[in-house]
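Here are my notes on the model, as numbered points. Please read them with the structure open.

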Amino acid sequence: MGAIPLYRELHAAAQTAYAELCELVQVAETVRSPAFVTGTVAYKTIKGARYAYWAFKELDGRKREYYLGPEGPAIAAIERARAQGAPALDAVARQAGAALAQGCIATPPKHFRIVKRLSEYQLFRAGGLLVGTHAFLALGNQLGVAWGSGTRTLDLDFAHAGPGGNVAVALPADLQANAHDAITSLEHGFLPSLGGSKGMASLYVSEREPELRIDFLTVPRRGGRTEVHAPDLGVALSPLKFLDYLIERPGQAVLLDRADAVLVNLPDPARYGLHKLIVAHERGARHPKHGKDIAQALALIDWHLQRAPHLLTDAWTELAARGAGWVKRARSSLALAPAARRALVLQFEAAMKLRR
């Protein structure tokens with residue numbers, strides 16, 4: 001008996017419905033901003049990739065910008081909306097339903113509500129990213145697949161470069177958000193669990209469901225600080241080793257509910273897969289999430305080998321450039337992959353050697 005597939009292809013109709021939904025949500029998110037009437041799309045090139053921002057002035061004259069995403073069809077849709085008028089917001093609800101009917105995967109309602117509320121409180125416009133398994137689920141819809149395993153979780157993980165960070169990311173950090181107020185407004189019994197000094201916490205746990213956690217992460221700082229206060233976000237951020245690699249080349253996607261969708265910033269899919277190899281090593285083989293980490297890594301590696309090997313090679317090259325320790329950790333995790341995935345591991349290793 002062969003190995004269980006790591007993913008299944010979504011029908012072309014599902015992929016088309018999802019692409020149309022992304023454009024509608026992107027435009028709707030921009031229209032909801034008062035800046036839409038006076039702002040303009042501006043571009044920046046960061047590490048060879050071109051990213052779009054909404055640039056505008058506040059009433060007091062301060063210049064602001066928020067991230068729109070990598071250059072592409074969704075950005076073009078925003079440009080068209082300025083000239084032709086934006087679609088009605090209820091079009092998003094109809095298109096979300098259509099995408100689900102065609103086979104796209106919905107986010108569990110409870111988790112969708114949390115992400116939606118944080119979006120309403122500007123977390124993603126202020127430079128936040130969704131990471132962890134919910135990002136993995138969103139990447140599946142974006143890549144046109146439904147994952148076979150490694151998708152169950154009660155955790156919600158968000159990342160931000162944080163104040164004073166030295167990692168070059170495309171996401172701006174000059175907008176204010178209040179993640180703490182967003183979480184408490186849900187009235188789901190979330191309590192600050194870590195941090196807490198200066199009224200800020202980096203981890204929230206639900207009183208009603210202790211396994212339901214919301215984590216806020218950032219890149220490590222010199223001096224080994226255990227948390228970084230981010231007053232513009234209303235929370236503290238917990239440093240996580242190797243996170244800088246994950247968040248450097250962000251993209252965007254939408255999370256789906258039965259009649260709604262929300263735009264989120266996500267890690268690059270190839271980097272997400274390789275980063276999961278590092279995460280699995282750091283957790284160790286006895287950690288309950290070790291198998292899930294490797295399953296997610298292998299699923300994304302497999303997709304890229306079949307569909308976009310050059311993107312995977314580029315991501316690996318950038319990982320390897322960070323030092324032998326990174327390569328050692330990734331290979332250690334690959335060595336612990338299930339025997340049924342050995343052929344995939346060998347294919348990946350052979351492909352990466354081609355460009356070294």
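1. The largest nonpolar core has 99 residues, and Phe158, Phe216 and Leu274 touch the most other members. A nonpolar core here is a set of buried Ala, Val, Leu, Ile, Met, Phe, Trp, Tyr and Cys residues joined through side-chain atoms within 4.5 Å. Buried means under 20% relative accessible area, exposed over 50%, and partly exposed in between (1.4 Å probe, protein chains only). A second, separate core holds 11 residues, among them Val41, Ala52, Ile78 and Ala81.

2. This is a predicted model: local features need pLDDT of at least 70, side-chain atom pairs count only at pLDDT 80 or more, and totals for chains, interfaces and linings use all residues. Numbering runs from 1 along each chain as its sequence is written, and side-chain values use heavy atoms, leaving out hydrogens and water.

3. Beyond its neighbours within four places in sequence, Phe158 has contacts (heavy atoms within 4.5 Å) that include Val115, Leu118, Phe124, Ile214 and Phe216.

4. The whole structure has zero disulfides; the criterion is a pair of cysteine sulfur atoms within 2.5 Å. Cys22 is buried at 17% relative accessibility. Cys104 is buried too, at 5%.

5. Arg307 lies in helix α9, residues 290-307 (helices are DSSP runs of H or I, at least four residues, numbered from the N terminus). Arg307 is partly exposed, at 44% relative accessible area. Its C-alpha is 9.7 Å from that of Leu143, 164 residues away along the chain.

Conventions: Helices (H or I, at least four residues) and strands (E, at least two) are DSSP runs, numbered from the N terminus.
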